[in-house]
Amino acid sequence: MKGLPEKVDVIVVGGGGAAMAAALTARERGASVLVLEAAPKDFRGGNTRHVRNIRYAHDAATDFVTGPYPVDEYYDDLLRVTQGNTDKDLSRFLIEKSLDAADWMAARGVKFQPPLSGTIGLDRTNAFFKGGGKAVLNAYYATAEKLGIDCRYEAEVMDLKIEDGAFTAARVKYQGQEQTVEARAIVLASGGYQADIDWLKEGWGEAAEGFLIRGTGYNKGRMLRVLMDHGAETAADADQCHAIAIDARSPKCDGGIATRVDCVIYSIMVNRKAQRFYDEGEDIWPKRYAIWGRLLAKQEDQIAFGIVDAKANDLFMPSLYPPLKADSIRDLAGLLELDPDALEKTVADYNAACRGGGNKDREFKPGVLDGLSTEGLSPAKSNWAQTIDTPPYYGYPLRTGITFTYLGVKVNKEARVQFKGKDGRTVSAANIFAAGEIVSGNILGQGYAGGIGMAIGLVFGRIAGEGAARNASN
Amino acid sequence: MAAASDEALQGDQLADLHDEARRLMTICNACRYCEGFCGVFPAMMRQNTFADGDLDYLANLCHGCNGCYYACQYAPPHEFAVNVPQAFARLRADTYRRYTWPGFLAGLFQKNGTLVSVLMAGGIGLVLALIHLFQPAEVIHGEHAGNFYAVIPHNVMAYSFGSVFLYAVGVLLFGFWRFRRDTAPSQADETALSVAGATHDALVMKYMGGGGVRGKMDGCNYPSESFSQVRRVFHQMTFWGFLLCFAATSLGTVYHYVFGWEAPYGYTSLPVLFGTVGGIGLLIGPLGLIYLKRIADPNVLVNAQRGMDTGFLALLFLVSLTGLALLGWRETSAMGTLLAIHLGTVLALFLTMPYGKFVHAVYRYAALLRNRREQKR
Ligand SMILES: Cc1cc2nc3c(=O)[nH]c(=O)nc-3n(C[C@H](O)[C@H](O)[C@H](O)COP(=O)(O)OP(=O)(O)OC[C@H]3O[C@@H](n4cnc5c(N)ncnc54)[C@H](O)[C@@H]3O)c2cc1C
Ligand code: SF4
Ligand code: SF4
């Protein structure tokens, strides 16, 4: 095993999409680059390993997007999902800079595909990676090797030496041994802190114990903490994150995309008390994808159960774990460990509200907002309110699955970390850059638009790599 | 698992192969990231549950390009341990055994490398013995200006090889029929269009190109993680080499029976041209494939199948080599011996065809048929 070099031009902390965008860019501009990835090689690339697509602005259809997605439209979408809770200037900048995203990736070996199944409805706005995020990473790392970038695995950065706002060296635990590496600039692309449950509790309280982590277990936010300790300014609140409803039986970490369950819109969702708590039919599932994670987090034990009958069970993507199945609602309640009387009453009330509704002219239509709503029920189900009366009945246990946290460091358009100066004024770091999830809070104060995570990583990663290389050549 | 695939599988072990494939397809169906790689994933997405026959079908629709293995976020050491190409290779090898006839010969699949050598030695020995029995030495070692029939009368050659060949074809067709019965429940609605489509997919090796973005092919992850067309090139050489040699023989038969033109045919005649070009393809293609197999990633390779694959490829190579040698020296006194050796290898090839890697063509074609039929819906 080769030891770490004592000194390089640029250190990149992390091994995901943002880190590799920074590393490739810095190397292409002539800097010597050391990539330090905490995970072993097989798990390299953090959450990027699990991605499927990228949302980027483009003016015309191409081989892999079905139509134009102008900057203005992207920007409007972002304002809508964040409800204006974003650094507007930086967001617009991000979106403009995303215009050549797919070309840049393709030039570094990433392969795209048309979204063949069309189930997600993002085929105009997002480009899909052939084989997903791990294939993207394979391409990046192969290109990095060709360019002579030094990538080390099981290399966790523990601490940073920062003097007068300038970075000088990193303390690294490399395959069990600690060592110091000096560099002229550093890029922090080490992801969010969602794998640190204690930290999550700062935003969520004890409920965080009930969360599952959809992505890598290596994103514990250590670098974010170090920067905050050194007085970095932060963006977004501690309880802001992307979270969805996933199968309660998923692994604690790294279950990835396959653990999601799409039953919600055709089901009734009940909590531990067998009560409904939110309008399941509010919108098409992908658009409301993100809200259910937060809703579940607020329920007792952070768990809820989607109940469907035989009519509805084939209408959504098949799930990884088989649903619990019974011939009566009573028996299903038994399997789900719910009060049978309470569940029977909830289903009966719901069924009555479906039939009794003034929707005789409405027809149940999967896949589109069909307006088939309940009448006189609270909370209402505004679409796909079809009775649950055809056995067998199925139950899907769902929990909050955290994708990534938003709280991060503030950056400017050069991806330089912003520190609080002695006089209270903001100062830009001389040679400390950040990209990816660790800066996502600048863009995402709340909400999410599918595929924007990769855009934040790519755009800020490239800018950070460029700036770091410039620092190194001065 | 490795030990299990070294023996002919039955009962529990076979259930294991199906269960593992079913487990993987359930994960893949909830993930679907690999839908752009090949035909398997779109085919898988057409259903929610998988019967054994469906899995046999999908396994034969997989051509082991390894694309989905390197791209898999759940590949081992992830706890989901998803290795689709390996699970499918095992199941595929097992369909070869289960669907051939007679059943007891199925076990021979495993020892196919050995079997091929034995049959080849036997074949050469048999042909040599027969000509020694019926022909005086001066005929065997004489010069006949390329006239094979001076050593082995045409009828003897035609009837003996014809009957072995027909046997092989019969067994292959029977396997095809049984495989389809179990894996393609709805073959009633087979149309000329789906047959044409599947034939096209087979001839151009559509999925082997890696099915890039709308026609831009970037190849397979074989023999390693980087993308490459090399396997497809070698496979096409083998496949078209085989077809050309087959065409040469068929054309010779037509010349003989229809037009009464007797061999030897000139070097520029169609049968000899076909045979020569095909023969060269059959030298390069199989050698290339054997080489690729040697350097392929051991994490996905199924060792138990190696003997079978290599045995068949080596035999193709030898048939071609001896055939070309025969052509080169047909006007010398070595012709008789070379003829015996060549015919011996051909005999071995025909006899082992239904029990070796050749059968993949049969089940793959059946799988492509079902795939095309379902695409129409
Ligand atoms: C299941 C799932 C699906 C997703 N799908 C999409 C999608 O389709 N499109 C999209 O845009 N976004 C998606 N996302 C979000 C997306 O993954 C991220 O926004 C993006 O990939 C983040 O990239 P990153 O480089 O900032 O972080 P990561 O890819 O998580 O990389 C962070 C890296 O830092 C390393 N690291 C952490 N701490 C240290 C340390 N102290 N020292 C050294 N290394 C360290 C980690 O090991 C990791 O390699 C998805 C996320 C998940 C979990
Ligand atoms: S092989 Fe892996 S990445 Fe590909 S579809 Fe299956 S589970 Fe998903
Ligand atoms: S190995 Fe290749 S052909 Fe087989 S399933 Fe995976 S991607 Fe498809």
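Me: Before we start, what counts as a salt bridge here?

Reply: A side-chain nitrogen of Lys or Arg has to lie within 4 Å of a carboxyl oxygen of Asp or Glu. Keep in mind that this is a predicted model. Between chain A and chain B the count is 1 salt bridge.

Me: Why is the pair Arg52(A) and Glu35(B) called a salt bridge?

Reply: Their side chains meet at 2.9 Å, N to O.

Me: What else links the two chains in polar terms?

Reply: The rule picks out 12 residue pairs in polar contact across the interface of chain A and chain B, both partners at pLDDT 80 or more. On the chain A side, the elements giving two or more residues are β4 (112–113) and α5 (133–147). α5(A) gives the most, with 3 residues.

Me: How do you know how much area chain A and chain B bury?

Reply: Buried area is what the two parts lose in accessible area on being put together, summed over both, so the figure of about 2,900 Å² covers both chains. Carbon and sulfur atoms account for 55% of it. Asp63(A), Lys130(A) and Pro318(A) supply 20% of the area that chain A buries against chain B, more than any other three residues.

Me: What makes the crossing of α8(B) and α14(B) right-handed?

Reply: Right-handed means that the near helix is turned clockwise from the far one by less than a right angle. The axes cross at roughly 35 degrees and come within 9 Å, and α8(B) passes α14(B) in the right-handed sense. Residues in that contact divide into 9 nonpolar, 2 polar and 3 charged.

Notes
Residues numbered from 1 in each chain as written. Chains lettered and ligands numbered in written order. Predicted model: local features only at pLDDT ≥ 70, side-chain atom pairs only at ≥ 80, totals over all residues. Heavy atoms only, no water. Buried area = accessible area lost by both parts, 1.4 Å probe. Polar contact = N/O pair within 3.5 Å; in protein donor to acceptor, adjacent residues only side chain to side chain. Helix = DSSP H or I, 4+ residues; strand = E, 2+ residues; numbered from the N terminus. Axes fitted to C-alpha atoms, helices over the stretch in contact; angles between N-to-C directions. Nonpolar A, V, L, I, M, F, W, Y, C, P; charged D, E, K, R; others polar.
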